[in-house]
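Okay, thanks for coming, everyone.

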Amino acid sequence: MAGSRGEFSSRFGFVMAASGSAVGLGNIWGFPTQAASNGGAAFLLVYLLLAFLLAYPVLMAELILGRHAHSNAVRALRQVSPLRNVSQIGALTGIVGFIVASLILSFYAIVAGWMIAFCLSAIAELAGARAFANWLTSFGLWRNLLSMLIFMALTIGIVSAGVKEGIERWSERLMPMLLITLLALVLYVLTLEGAMTGLEVYLLPDFSRALSPQLILDALGSAFFSLSLGVGTMLIYGSYVSDDENLPLLGGIVTLVDIFVAVLAGFLVLPAMYVALHNGVEIFTQAGALISEDTLIFTVLPQLFATMGLPGILVAIIFFNLMTIAALTSSISMLEVPVAYAVEEFNAERHLAAWMIGGLIAGISGIILLNFELLFGLVVTLTTRYGQPILGFMFCIYAGWLWRRDALLQELRKGYPNVERGLFWKIWPWYVKLVCPLIIAAIIGRSLFG
Ligand code: TRP
(Lines give C-alpha, C1' and ligand atoms only; values in the text may rest on other atoms or scores of the structure.)
Protein backbone atom coordinates (compact mmCIF):
# COMPACT_ATOMS: atom_id res chain seq x y z
CA MET A 1 0.00 0.00 0.00
CA ALA A 2 2.68 2.45 0.99
CA GLY A 3 4.57 1.41 -2.16
CA SER A 4 6.88 4.16 -3.29
CA ARG A 5 5.47 6.60 -0.74
CA GLY A 6 7.78 8.00 1.86
CA GLU A 7 7.67 6.79 5.43
CA PHE A 8 9.42 8.02 8.56
CA SER A 9 12.10 5.51 9.41
CA SER A 10 11.76 5.77 13.17
CA ARG A 11 9.58 7.00 15.98
CA PHE A 12 12.21 9.60 16.83
CA GLY A 13 12.13 10.83 13.25
CA PHE A 14 8.38 11.31 13.32
CA VAL A 15 8.41 13.02 16.70
CA MET A 16 11.13 15.43 15.56
CA ALA A 17 9.35 16.18 12.28
CA ALA A 18 5.90 16.64 13.78
CA SER A 19 7.06 18.64 16.76
CA GLY A 20 9.28 20.58 14.37
CA SER A 21 6.14 21.48 12.47
CA ALA A 22 4.36 22.48 15.65
CA VAL A 23 7.24 24.44 17.18
CA GLY A 24 7.59 27.60 15.15
CA LEU A 25 7.40 31.36 15.25
CA GLY A 26 4.03 31.02 16.98
CA ASN A 27 5.61 29.51 20.08
CA ILE A 28 8.36 32.03 20.54
CA TRP A 29 6.75 35.27 19.55
CA GLY A 30 3.17 34.59 20.48
CA PHE A 31 2.97 32.60 23.64
CA PRO A 32 5.35 34.33 26.09
CA THR A 33 3.90 37.84 25.92
CA GLN A 34 0.36 36.53 25.77
CA ALA A 35 1.00 34.59 28.96
CA ALA A 36 2.69 37.49 30.73
CA SER A 37 -0.14 39.91 29.89
CA ASN A 38 -2.90 37.51 30.80
CA GLY A 39 -2.34 36.04 34.20
CA GLY A 40 1.13 34.48 34.01
CA ALA A 41 1.26 30.98 35.51
CA ALA A 42 -2.55 30.89 35.61
CA PHE A 43 -2.67 31.41 31.85
CA LEU A 44 -0.04 28.76 31.45
CA LEU A 45 -2.23 26.28 33.28
CA VAL A 46 -5.31 27.21 31.28
CA TYR A 47 -3.35 26.93 28.05
CA LEU A 48 -2.04 23.51 29.00
CA LEU A 49 -5.57 22.37 29.67
CA LEU A 50 -6.88 23.84 26.43
CA ALA A 51 -4.15 22.26 24.38
CA PHE A 52 -5.16 18.86 25.69
CA LEU A 53 -8.89 19.54 25.58
CA LEU A 54 -9.11 20.82 22.05
CA ALA A 55 -5.90 20.76 20.11
CA TYR A 56 -4.80 17.24 21.00
CA PRO A 57 -8.11 15.57 19.95
CA VAL A 58 -8.05 17.39 16.60
CA LEU A 59 -4.40 16.48 16.13
CA MET A 60 -5.36 12.86 16.73
CA ALA A 61 -8.18 13.10 14.18
CA GLU A 62 -5.67 14.23 11.56
CA LEU A 63 -3.03 11.65 12.47
CA ILE A 64 -5.50 8.75 12.46
CA LEU A 65 -7.13 9.77 9.19
CA GLY A 66 -3.71 10.15 7.62
CA ARG A 67 -2.24 6.89 8.77
CA HIS A 68 -5.32 4.93 7.86
CA ALA A 69 -5.30 6.15 4.27
CA HIS A 70 -1.51 6.33 3.93
CA SER A 71 -2.15 9.15 1.51
CA ASN A 72 -2.72 12.89 1.22
CA ALA A 73 -5.74 14.65 2.74
CA VAL A 74 -7.74 14.77 -0.48
CA ARG A 75 -7.67 11.02 -0.95
CA ALA A 76 -7.93 10.28 2.78
CA LEU A 77 -11.14 12.29 3.19
CA ARG A 78 -12.56 11.05 -0.07
CA GLN A 79 -12.23 7.46 1.18
CA VAL A 80 -13.93 7.93 4.53
CA SER A 81 -17.42 7.22 3.25
CA PRO A 82 -18.84 5.36 0.23
CA LEU A 83 -21.55 8.01 -0.15
CA ARG A 84 -20.85 10.13 -3.20
CA ASN A 85 -21.65 13.55 -1.77
CA VAL A 86 -19.77 12.93 1.42
CA SER A 87 -16.81 11.75 -0.57
CA GLN A 88 -16.85 14.82 -2.82
CA ILE A 89 -17.08 17.24 0.09
CA GLY A 90 -14.19 15.36 1.68
CA ALA A 91 -12.05 15.81 -1.40
CA LEU A 92 -12.99 19.49 -1.53
CA THR A 93 -11.98 19.89 2.13
CA GLY A 94 -8.58 18.41 1.30
CA ILE A 95 -8.16 20.74 -1.65
CA VAL A 96 -9.08 23.84 0.34
CA GLY A 97 -6.66 22.52 2.97
CA PHE A 98 -3.68 22.55 0.66
CA ILE A 99 -4.61 25.98 -0.67
CA VAL A 100 -4.79 27.35 2.88
CA ALA A 101 -1.50 25.61 3.77
CA SER A 102 0.14 27.27 0.76
CA LEU A 103 -1.22 30.68 1.71
CA ILE A 104 -0.02 30.28 5.29
CA LEU A 105 3.42 29.49 3.90
CA SER A 106 3.28 32.57 1.69
CA PHE A 107 3.13 34.92 4.68
CA TYR A 108 5.19 32.72 6.98
CA ALA A 109 8.09 32.82 4.51
CA ILE A 110 8.07 36.62 4.60
CA VAL A 111 8.39 36.74 8.37
CA ALA A 112 10.93 33.92 8.41
CA GLY A 113 12.91 35.85 5.80
CA TRP A 114 13.17 38.75 8.23
CA MET A 115 14.69 36.35 10.78
CA ILE A 116 17.36 35.42 8.25
CA ALA A 117 17.95 39.09 7.45
CA PHE A 118 18.41 39.96 11.12
CA CYS A 119 20.77 37.03 11.60
CA LEU A 120 22.85 38.05 8.57
CA SER A 121 22.79 41.63 9.76
CA ALA A 122 24.44 40.68 13.05
CA ILE A 123 27.09 38.73 11.14
CA ALA A 124 27.69 41.74 8.86
CA GLU A 125 27.98 43.93 11.95
CA LEU A 126 30.62 41.60 13.33
CA ALA A 127 32.50 41.81 10.03
CA GLY A 128 32.38 45.58 10.16
CA ALA A 129 30.01 45.99 7.20
CA ARG A 130 27.89 48.59 8.91
CA ALA A 131 25.93 49.89 5.93
CA PHE A 132 25.01 46.41 4.76
CA ALA A 133 23.97 45.48 8.30
CA ASN A 134 21.65 48.48 8.41
CA TRP A 135 20.18 47.67 5.02
CA LEU A 136 19.38 44.17 6.22
CA THR A 137 17.38 45.42 9.19
CA SER A 138 15.48 48.22 7.44
CA PHE A 139 12.08 47.45 5.99
CA GLY A 140 12.39 47.62 2.21
CA LEU A 141 11.08 45.77 -0.81
CA TRP A 142 14.40 44.33 -1.99
CA ARG A 143 15.50 43.25 1.44
CA ASN A 144 12.11 41.61 1.97
CA LEU A 145 12.12 39.87 -1.40
CA LEU A 146 15.65 38.63 -1.13
CA SER A 147 15.34 37.21 2.36
CA MET A 148 11.99 35.58 1.55
CA LEU A 149 13.57 33.93 -1.50
CA ILE A 150 16.49 32.60 0.54
CA PHE A 151 14.10 31.12 3.06
CA MET A 152 11.89 29.58 0.37
CA ALA A 153 14.91 28.06 -1.33
CA LEU A 154 15.93 26.37 1.93
CA THR A 155 12.39 25.08 2.43
CA ILE A 156 12.12 23.77 -1.13
CA GLY A 157 15.57 22.20 -0.95
CA ILE A 158 14.61 20.12 2.09
CA VAL A 159 11.17 19.08 0.83
CA SER A 160 12.49 18.12 -2.59
CA ALA A 161 14.89 15.64 -0.97
CA GLY A 162 11.94 13.56 0.23
CA VAL A 163 10.33 12.40 3.46
CA LYS A 164 13.24 10.39 4.85
CA GLU A 165 16.18 12.12 3.26
CA GLY A 166 14.78 15.63 3.54
CA ILE A 167 12.10 16.24 6.14
CA GLU A 168 13.07 13.55 8.64
CA ARG A 169 16.80 14.00 8.34
CA TRP A 170 16.70 17.78 8.71
CA SER A 171 14.16 17.74 11.52
CA GLU A 172 16.41 15.32 13.40
CA ARG A 173 19.29 17.72 13.01
CA LEU A 174 17.53 21.01 13.54
CA MET A 175 15.19 20.23 16.45
CA PRO A 176 17.88 19.16 18.95
CA MET A 177 19.88 22.20 17.84
CA LEU A 178 16.87 24.40 18.54
CA LEU A 179 16.34 22.95 22.00
CA ILE A 180 19.98 23.28 22.99
CA THR A 181 20.25 26.85 21.69
CA LEU A 182 17.05 27.87 23.43
CA LEU A 183 18.21 26.38 26.71
CA ALA A 184 21.62 28.05 26.45
CA LEU A 185 20.03 31.43 25.73
CA VAL A 186 17.66 31.06 28.69
CA LEU A 187 20.53 30.27 31.04
CA TYR A 188 22.56 33.20 29.75
CA VAL A 189 19.75 35.75 29.93
CA LEU A 190 18.84 34.69 33.46
CA THR A 191 22.27 35.83 34.64
CA LEU A 192 21.68 39.40 33.43
CA GLU A 193 20.45 42.23 35.57
CA GLY A 194 16.69 42.73 35.52
CA ALA A 195 15.95 39.17 34.43
CA MET A 196 14.37 38.14 37.73
CA THR A 197 11.69 40.82 37.47
CA GLY A 198 10.74 39.40 34.09
CA LEU A 199 10.51 35.95 35.57
CA GLU A 200 8.14 37.23 38.24
CA VAL A 201 5.93 38.95 35.70
CA TYR A 202 5.88 35.80 33.59
CA LEU A 203 4.98 33.43 36.36
CA LEU A 204 2.92 35.38 38.89
CA PRO A 205 -0.49 33.66 38.70
CA ASP A 206 -3.61 35.76 38.33
CA PHE A 207 -6.66 33.57 37.77
CA SER A 208 -9.10 36.45 37.38
CA ARG A 209 -7.42 37.33 34.10
CA ALA A 210 -6.68 33.86 32.84
CA LEU A 211 -10.26 32.69 33.10
CA SER A 212 -11.99 35.26 30.90
CA PRO A 213 -14.05 33.56 28.16
CA GLN A 214 -12.71 35.88 25.46
CA LEU A 215 -9.16 35.10 26.33
CA ILE A 216 -9.87 31.39 26.36
CA LEU A 217 -11.27 31.53 22.83
CA ASP A 218 -8.22 33.45 21.66
CA ALA A 219 -5.95 30.94 23.34
CA LEU A 220 -7.78 28.12 21.60
CA GLY A 221 -7.18 29.82 18.28
CA SER A 222 -3.48 30.11 18.97
CA ALA A 223 -3.33 26.48 20.08
CA PHE A 224 -4.69 25.58 16.67
CA PHE A 225 -1.99 27.50 14.87
CA SER A 226 0.65 26.25 17.23
CA LEU A 227 -0.12 22.59 16.57
CA SER A 228 -0.31 23.16 12.78
CA LEU A 229 -3.91 21.96 12.66
CA GLY A 230 -6.65 22.19 10.08
CA VAL A 231 -4.79 22.21 6.79
CA GLY A 232 -3.68 18.60 6.46
CA THR A 233 -0.10 19.07 7.66
CA MET A 234 -0.48 16.64 10.53
CA LEU A 235 -2.60 14.38 8.35
CA ILE A 236 0.17 14.02 5.81
CA TYR A 237 2.81 13.48 8.52
CA GLY A 238 0.47 10.87 10.05
CA SER A 239 0.30 9.15 6.67
CA TYR A 240 4.07 8.58 6.84
CA VAL A 241 3.87 6.83 10.23
CA SER A 242 4.28 3.07 10.22
CA ASP A 243 1.37 0.87 11.24
CA ASP A 244 3.10 -0.46 14.35
CA GLU A 245 3.28 2.88 16.10
CA ASN A 246 0.98 3.81 18.95
CA LEU A 247 -0.63 6.97 17.60
CA PRO A 248 -2.28 8.39 20.74
CA LEU A 249 1.11 8.21 22.45
CA LEU A 250 2.97 9.89 19.58
CA GLY A 251 0.36 12.65 19.35
CA GLY A 252 0.66 13.21 23.09
CA ILE A 253 4.43 13.57 22.88
CA VAL A 254 4.15 16.09 20.04
CA THR A 255 1.61 18.15 22.00
CA LEU A 256 3.83 18.13 25.07
CA VAL A 257 6.96 19.17 23.14
CA ASP A 258 5.05 22.03 21.54
CA ILE A 259 3.83 23.33 24.90
CA PHE A 260 7.20 22.75 26.52
CA VAL A 261 8.99 24.89 23.94
CA ALA A 262 6.39 27.66 24.23
CA VAL A 263 6.81 27.70 28.02
CA LEU A 264 10.59 27.55 27.73
CA ALA A 265 10.55 30.46 25.28
CA GLY A 266 8.79 32.45 28.00
CA PHE A 267 11.81 31.91 30.24
CA LEU A 268 13.87 33.61 27.53
CA VAL A 269 11.59 36.35 26.23
CA LEU A 270 10.18 37.78 29.45
CA PRO A 271 13.48 38.01 31.33
CA ALA A 272 15.06 39.48 28.17
CA MET A 273 12.37 42.16 28.03
CA TYR A 274 13.03 43.21 31.61
CA VAL A 275 16.77 43.22 31.01
CA ALA A 276 15.97 45.54 28.11
CA LEU A 277 13.88 47.73 30.44
CA HIS A 278 16.77 47.80 32.87
CA ASN A 279 19.03 48.93 30.01
CA GLY A 280 16.67 51.76 29.10
CA VAL A 281 14.64 50.16 26.29
CA GLU A 282 10.89 50.80 26.13
CA ILE A 283 8.96 47.54 26.54
CA PHE A 284 5.40 48.74 27.02
CA THR A 285 2.87 49.97 24.48
CA GLN A 286 1.10 53.26 25.07
CA ALA A 287 -1.83 51.36 26.50
CA GLY A 288 0.52 49.89 29.09
CA ALA A 289 0.62 46.32 27.77
CA LEU A 290 3.83 44.48 27.00
CA ILE A 291 5.03 45.03 23.44
CA SER A 292 4.47 41.81 21.51
CA GLU A 293 4.77 39.98 18.20
CA ASP A 294 6.75 41.63 15.41
CA THR A 295 7.65 44.80 17.33
CA LEU A 296 8.95 42.66 20.16
CA ILE A 297 11.16 40.53 17.93
CA PHE A 298 12.34 43.15 15.46
CA THR A 299 12.54 46.26 17.66
CA VAL A 300 12.71 45.54 21.38
CA LEU A 301 15.10 42.58 21.26
CA PRO A 302 17.50 44.15 18.71
CA GLN A 303 17.56 47.30 20.87
CA LEU A 304 18.43 45.11 23.83
CA PHE A 305 21.21 43.37 21.89
CA ALA A 306 22.56 46.78 20.86
CA THR A 307 22.96 47.77 24.52
CA MET A 308 25.06 44.69 25.21
CA GLY A 309 28.13 45.37 23.08
CA LEU A 310 30.03 42.45 21.53
CA PRO A 311 28.16 39.74 23.49
CA GLY A 312 24.98 41.35 22.17
CA ILE A 313 26.03 40.75 18.57
CA LEU A 314 26.74 37.10 19.30
CA VAL A 315 23.46 36.68 21.13
CA ALA A 316 21.68 38.29 18.18
CA ILE A 317 23.25 35.82 15.75
CA ILE A 318 22.30 32.88 17.95
CA PHE A 319 18.79 34.16 18.62
CA PHE A 320 17.85 34.87 15.00
CA ASN A 321 19.43 31.63 13.94
CA LEU A 322 17.17 29.90 16.44
CA MET A 323 14.13 31.67 15.01
CA THR A 324 15.12 30.69 11.48
CA ILE A 325 15.45 27.04 12.47
CA ALA A 326 12.08 27.11 14.24
CA ALA A 327 10.49 28.58 11.12
CA LEU A 328 12.19 26.15 8.75
CA THR A 329 11.01 22.96 10.45
CA SER A 330 7.50 24.44 10.25
CA SER A 331 7.63 25.69 6.68
CA ILE A 332 8.71 22.32 5.30
CA SER A 333 5.58 20.81 6.83
CA MET A 334 3.44 23.40 5.06
CA LEU A 335 5.05 22.86 1.66
CA GLU A 336 4.79 19.09 2.03
CA VAL A 337 0.98 19.35 1.93
CA PRO A 338 0.60 20.49 -1.72
CA VAL A 339 3.75 18.65 -2.84
CA ALA A 340 2.50 15.30 -1.48
CA TYR A 341 -0.78 15.89 -3.28
CA ALA A 342 0.91 16.60 -6.61
CA VAL A 343 3.23 13.62 -6.26
CA GLU A 344 0.44 11.20 -5.37
CA GLU A 345 -2.40 12.39 -7.53
CA PHE A 346 -0.53 13.37 -10.66
CA ASN A 347 2.54 11.18 -10.37
CA ALA A 348 4.66 14.29 -10.45
CA GLU A 349 8.37 13.91 -9.82
CA ARG A 350 9.09 15.17 -6.29
CA HIS A 351 11.94 17.53 -7.16
CA LEU A 352 10.00 19.16 -9.90
CA ALA A 353 6.80 19.38 -7.83
CA ALA A 354 8.64 20.94 -4.89
CA TRP A 355 10.36 23.58 -7.03
CA MET A 356 7.28 24.41 -9.06
CA ILE A 357 4.84 24.65 -6.17
CA GLY A 358 7.43 26.34 -3.96
CA GLY A 359 8.13 28.78 -6.78
CA LEU A 360 4.46 29.53 -7.12
CA ILE A 361 4.14 30.18 -3.38
CA ALA A 362 7.22 32.43 -3.50
CA GLY A 363 5.41 34.30 -6.30
CA ILE A 364 2.41 34.80 -4.01
CA SER A 365 4.75 36.01 -1.24
CA GLY A 366 6.18 38.47 -3.77
CA ILE A 367 2.70 39.78 -4.58
CA ILE A 368 2.00 40.18 -0.86
CA LEU A 369 5.28 42.08 -0.45
CA LEU A 370 4.41 44.41 -3.33
CA ASN A 371 1.07 45.22 -1.67
CA PHE A 372 2.16 44.75 1.90
CA GLU A 373 -0.26 47.11 3.67
CA LEU A 374 -3.21 45.73 1.80
CA LEU A 375 -2.50 42.02 1.68
CA PHE A 376 -0.32 40.86 4.55
CA GLY A 377 -2.85 41.23 7.38
CA LEU A 378 -5.64 40.05 5.13
CA VAL A 379 -3.95 36.76 4.24
CA VAL A 380 -3.03 36.13 7.89
CA THR A 381 -6.61 36.72 9.05
CA LEU A 382 -8.24 34.79 6.26
CA THR A 383 -6.09 31.71 6.72
CA THR A 384 -5.60 31.54 10.47
CA ARG A 385 -8.83 33.02 11.83
CA TYR A 386 -11.21 31.46 9.33
CA GLY A 387 -9.51 28.84 7.17
CA GLN A 388 -7.91 26.77 9.91
CA PRO A 389 -10.89 26.55 12.30
CA ILE A 390 -13.37 25.82 9.51
CA LEU A 391 -11.18 23.07 8.08
CA GLY A 392 -10.46 21.71 11.57
CA PHE A 393 -14.22 21.48 12.06
CA MET A 394 -14.51 19.41 8.88
CA PHE A 395 -11.73 17.04 10.00
CA CYS A 396 -13.63 16.42 13.25
CA ILE A 397 -16.86 15.74 11.36
CA TYR A 398 -15.11 13.25 9.10
CA ALA A 399 -13.30 11.47 11.92
CA GLY A 400 -16.16 11.67 14.42
CA TRP A 401 -19.37 11.28 12.42
CA LEU A 402 -18.65 9.91 8.99
CA TRP A 403 -16.10 7.26 9.75
CA ARG A 404 -17.38 3.89 10.94
CA ARG A 405 -16.55 3.23 14.57
CA ASP A 406 -15.21 -0.28 13.97
CA ALA A 407 -12.91 0.92 11.18
CA LEU A 408 -11.58 3.58 13.49
CA LEU A 409 -10.99 1.07 16.26
CA GLN A 410 -9.16 -1.23 13.90
CA GLU A 411 -6.91 1.55 12.79
CA LEU A 412 -5.98 2.41 16.35
CA ARG A 413 -5.45 -1.23 17.30
CA LYS A 414 -2.65 -1.56 14.77
CA GLY A 415 0.01 -0.07 16.97
CA TYR A 416 -1.92 -0.24 20.25
CA PRO A 417 -3.64 -3.64 20.61
CA ASN A 418 -5.34 -2.87 23.93
CA VAL A 419 -6.67 0.49 22.91
CA GLU A 420 -10.25 -0.33 23.97
CA ARG A 421 -9.19 -0.68 27.56
CA GLY A 422 -7.40 2.65 27.69
CA LEU A 423 -8.71 6.08 28.57
CA PHE A 424 -8.18 7.34 25.02
CA TRP A 425 -10.87 5.12 23.49
CA LYS A 426 -13.31 5.93 26.30
CA ILE A 427 -13.07 9.66 25.74
CA TRP A 428 -11.79 10.59 22.32
CA PRO A 429 -14.54 9.22 20.00
CA TRP A 430 -17.44 11.15 21.52
CA TYR A 431 -15.17 14.03 22.25
CA VAL A 432 -14.16 14.58 18.65
CA LYS A 433 -17.80 14.06 17.68
CA LEU A 434 -19.42 16.55 20.01
CA VAL A 435 -17.10 18.67 22.07
CA CYS A 436 -14.50 19.66 19.46
CA PRO A 437 -16.99 20.78 16.80
CA LEU A 438 -18.85 22.86 19.41
CA ILE A 439 -15.72 24.56 20.66
CA ILE A 440 -14.51 25.23 17.13
CA ALA A 441 -17.91 26.64 16.19
CA ALA A 442 -17.57 29.02 19.14
CA ILE A 443 -14.14 30.12 17.91
CA ILE A 444 -15.46 30.73 14.40
CA GLY A 445 -18.44 32.58 15.83
CA ARG A 446 -16.16 34.84 17.80
CA SER A 447 -14.09 35.60 14.68
CA LEU A 448 -17.24 36.44 12.75
CA PHE A 449 -19.24 38.36 15.34
CA GLY A 450 -16.97 38.88 18.36
N1 TRP B 1 2.85 25.55 14.13
C2 TRP B 1 3.76 26.45 13.51
C3 TRP B 1 4.07 27.62 14.45
O4 TRP B 1 3.73 27.59 15.60
C5 TRP B 1 3.26 26.96 12.20
C6 TRP B 1 2.72 25.94 11.27
C7 TRP B 1 3.38 24.90 10.70
C8 TRP B 1 1.42 25.88 10.78
N9 TRP B 1 2.55 24.19 9.88
C10 TRP B 1 1.35 24.77 9.91
C11 TRP B 1 0.33 26.66 11.03
C12 TRP B 1 0.16 24.45 9.28
C13 TRP B 1 -0.85 26.33 10.40
C14 TRP B 1 -0.94 25.24 9.56
O15 TRP B 1 4.67 28.57 14.07
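Arginine 67 is buried, with a relative accessible area of 0%; buried here means under 20%, exposed means over 50%, and partly exposed is in between, using a 1.4 Å probe and protein chains only. Before I go on, a word on the source: this is a predicted model, where local features need pLDDT of at least 70, side-chain atom pairs count only at pLDDT 80 or more, and totals for chains, interfaces and linings use all residues. Residues are numbered from 1 along each chain as its sequence is written, and side-chain values use heavy atoms, with hydrogens and water left out.

So which side chain does arginine 67 meet in a salt bridge? That's aspartate 243, at 3.9 Å, N to O, and the rule for a salt bridge is a side-chain nitrogen of Lys or Arg within 4 Å of a carboxyl oxygen of Asp or Glu. The pair links distant parts of the chain, 176 residues apart. Arginine 67 sits in helix α3, residues 41-69, and aspartate 243 in the loop between α12 (233-239) and α13. Helices here are DSSP runs of H or I with at least four residues, strands are runs of E with at least two, and both are numbered from the N terminus. Aspartate 243 is partly exposed, at 25% relative accessible area.

Then there's lysine 414 with glutamate 411, a salt bridge at 2.7 Å, N to O. Glutamate 411 is buried, at 1%, while lysine 414 counts as partly exposed at 36%. The structure holds 13 salt bridges, including arginine 404 with aspartate 406 at 3.3 Å, N to O. There, arginine 404 is exposed at 56%.

**Now the empty spaces**

Rolling a probe the size of a water molecule over the atoms shows where empty space is left. Grid points are joined across faces, edges and corners, and a volume is the space filled by probe spheres set on the points.

The largest pocket holds about 1,300 Å³. Its lining has 47 residues, with Trp29, Ser222, Glu293, Val380 and Thr384 nearest the centre. Which helix gives the most to that lining? It's α2, with nine residues.

There are four cavities of 30 Å³ or more. The largest cavity is about 160 Å³, and 18 residues line it. The second largest cavity has a volume of about 80 Å³. Val189, Leu268, Ala272, Leu304 and Phe305 are the closest to its centre, out of 13 lining residues.

**Last, the surface**

There's a nonpolar patch with about 970 Å² of accessible area together, and Trp135, Trp142 and Leu154 are among its residues. Patch residues have over 30% relative accessible area and no salt bridge; like charges are joined within 9 Å, nonpolar side chains (Val, Leu, Ile, Met, Phe, Trp, Tyr) within 5 Å. Areas come from the Shrake-Rupley method with a 1.4 Å probe, and for residues only the protein chains shown count as cover. Helix α7 gives the most to the patch, five residues. Leucine 154 lies in α7 and is partly exposed, at 39%.

Conventions:
1 Å grid on protein atoms, 1.4 Å probe; cavity = no way out; pocket = protein on both sides within 12 Å on 5 of 7 lines; lining within 4 Å.
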